[in-house]
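Welcome, and please take a moment to look over the structure below.

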Amino acid sequence: MRLIQNMCTIAEYPAAGSAAAAECCLGPAGRRLVKIAVVGASGVGKTALVVRFLTKRFIGDYERNAGNLYTRQVQVEGETLAIQVQDTPGIQAHENGLSCNEQLNRCIRWADAVVIVFSITDHKSYELIGQLHQHVQQLHLGTRLPVVLVANKADLLHIKQVDPQLGLQLASMLGCSFYEVSVSENYNGVYNAFHVLCKEVRHKQQPSGTPEKRRTSLIPRPKSPNMQDLKRRHAVEAEDRWMGPE
Ligand SMILES: Nc1nc2c(ncn2[C@@H]2O[C@H](COP(=O)(O)OP(=O)(O)OP(=O)(O)O)[C@@H](O)[C@H]2O)c(=O)[nH]1
Ligand SMILES: [Mg+2]
C-alpha cells in the first residue's frame, strides 16, 4: 500500500442518511471508498496512531479527545482507494456498560472497518476490549465487519500491565487480526494494521471471482490465427494448389 499525499481534515464525519453518507462506496474521483473508525479507551494512542499512519510522524503531544476525520488516497493491491479515517474520543467502561454516546455509535455504524486500540501500559484499556468488540458487532448485525486489534506502546515494556500475548489470544478469540505496535518507535506495524483492513474491505466489496470477472473469462474469445497456424494454412493451401491440377 502506498500513501498518496494531500491529506485534508474534516471536522465532522457524515451523519447516517446524509448525502455524504449516501456516497458511501465512492470517494473523490469515483474511487472506491474505505471508511475506518479508530476506537478505544482514553490515552491509548488513537490520535497518535492515526497521525502516524497518515503522516509517518510521531509528534508526542496530541489534542485530547479529538474527533477528526482524515481523508487520503492509498494504493492497495495496485488499486488507488480513497480512505477516510475517523479518530474518536476515548471510551470508558462503567458498571452498567460502555460510555458510547450516539455520535460515537453513528461513527461505528458509518465505518466499513474498525481499529480497536488498547495500551499495554493500561490494563483497564485492555479490559474493555471484549465489551467494545461486542458493541461494534451489535451495531453491524448481520455483516462480518473487518476489525483489527492493536496493542500500542510496545516500547514501554518496563511499565507494562498487559502481556502482549494476551492481546493475541483475545484477538484470536474474537476472530480478528492482531498487531502489537509502538506508534512512537515503529511505523511498519501501524502501516500493516491499516493495510490489512483496507485489503479486507476491498475483498469484501469486490470478492475475487465476482460475476463480472468470471463473465469475461467465460466468454470464448474468437481465436486469431497465430504464425504457426498461418504457416500451416499457407502450406496446405500451397499443397492444395499444387495438388489441384492433378
Ligand atoms: N511511549 C509511547 N507513548 C505513546 C505511544 N503512542 C502514544 N503515546 C503517547 O500517549 C499519549 C496519549 O496519546 P493520544 O494519541 O493522545 O491518545 P488517545 O487515545 O488519542 O487519547 P484521547 O484522545 O484522550 O482518547 C500521548 O502523550 C502520546 O504521546 C507509544 O507508542 N509509545
Ligand atoms: Mg485522541
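Val-181 sits in the loop between E9 and helix H7 (188–205). Helices (H or I, at least four residues) and strands (E, at least two) are DSSP runs, numbered from the N terminus. Is Val-181 buried or exposed? It counts as buried, because it has 26 C-beta neighbours inside 10 Å. The cut-offs are as follows: a residue is buried if 20 or more other C-beta atoms lie within 10 Å of its own, exposed if 12 or fewer, and partly exposed in between, with C-beta atoms placed from the backbone. Val-181 and Ile-120 are 61 residues apart along the chain, and their C-alpha atoms are separated by 9.8 Å.

Before going on, a word about what you are looking at. This is a predicted model, in which local features need pLDDT of at least 70 and side-chain atom pairs count only at pLDDT 80 or more, while totals for chains, interfaces and linings use all residues. Residues are numbered from 1 along each chain as its sequence is written, and chains are lettered from A and ligands numbered from 1 in the order in which they are written.

Now step back to the whole protein. Its secondary structure comes to nine helices and nine strands, and buried residues make up 33% of its 246 residues. Among contacts with a separation of 6 or more, 73% are between residues 24 or more positions apart.

Next, the strands. In E2 (residues 33–40), seven of the eight residues are buried. Strand E2 runs parallel to E4 (residues 79–87), and six bridges join them; two strands pair if DSSP finds at least two bridges between them. In this pairing, Ala-37 has Gln-86 as its bridge partner in E4. E2 also pairs with E7 (residues 113–119), again in the parallel sense, over five bridges, and there Val-38 stands opposite Val-115. What about E3 (residues 69–76)? Eight bridges join E3 to E4, and these two run antiparallel, with Tyr-70 opposite Val-85. E3 and E4 form a hairpin with two residues between them, and Glu-77 in the turn has a positive phi of about 50 degrees.

A nonpolar core is a set of buried Ala, Val, Leu, Ile, Met, Phe, Trp, Tyr and Cys residues joined through C-beta atoms within 7 Å. The largest one has 55 residues, of which Ile-36, Val-114, Val-115, Ile-116 and Val-150 touch the most other members. Not counting residues up to four places away in sequence, Val-114 touches Ala-37, Val-39, Ile-108, Val-136, Leu-145 and Val-147.

Leu-145 lies in the loop between H5 and strand E8 (147–152). With 19 other C-beta atoms within 10 Å, Leu-145 is partly exposed. Its C-alpha atom is separated by 6.8 Å from that of Asp-112, 33 residues apart along the chain.

In H5 (residues 129–138), the buried residues are Ile-129, Leu-132, His-133 and Val-136. They fall within an arc of 100 degrees seen down the axis, so they line one face of H5; the arc is that of the directions from the helix axis to the C-beta atoms. The face turned away from this buried side carries the exposed residues Gly-130, Gln-134 and Gln-138. Helix H6 (residues 164–174) has Gly-167, Leu-170 and Ala-171 buried. These cover an arc of only 100 degrees around the axis, which puts them on the same side of H6, and they pack against H5, E8 and strand E9 (177–180). On the other side of H6, Gln-165, Gln-169, Ser-172 and Met-173 are exposed.

Finally, look at ligand 1. Around it are 21 residues, of which Gly-45, Thr-47, Ala-48, Gly-90 and Ser-184 come nearest; a residue is near a molecule if its C-beta atom, placed from the backbone, lies within 6 Å of it. Helix H2 (residues 46–55) gives the most to this shell, with three residues.

Notes
Two residues are in contact if their C-beta atoms, placed from the backbone, lie within 7 Å.
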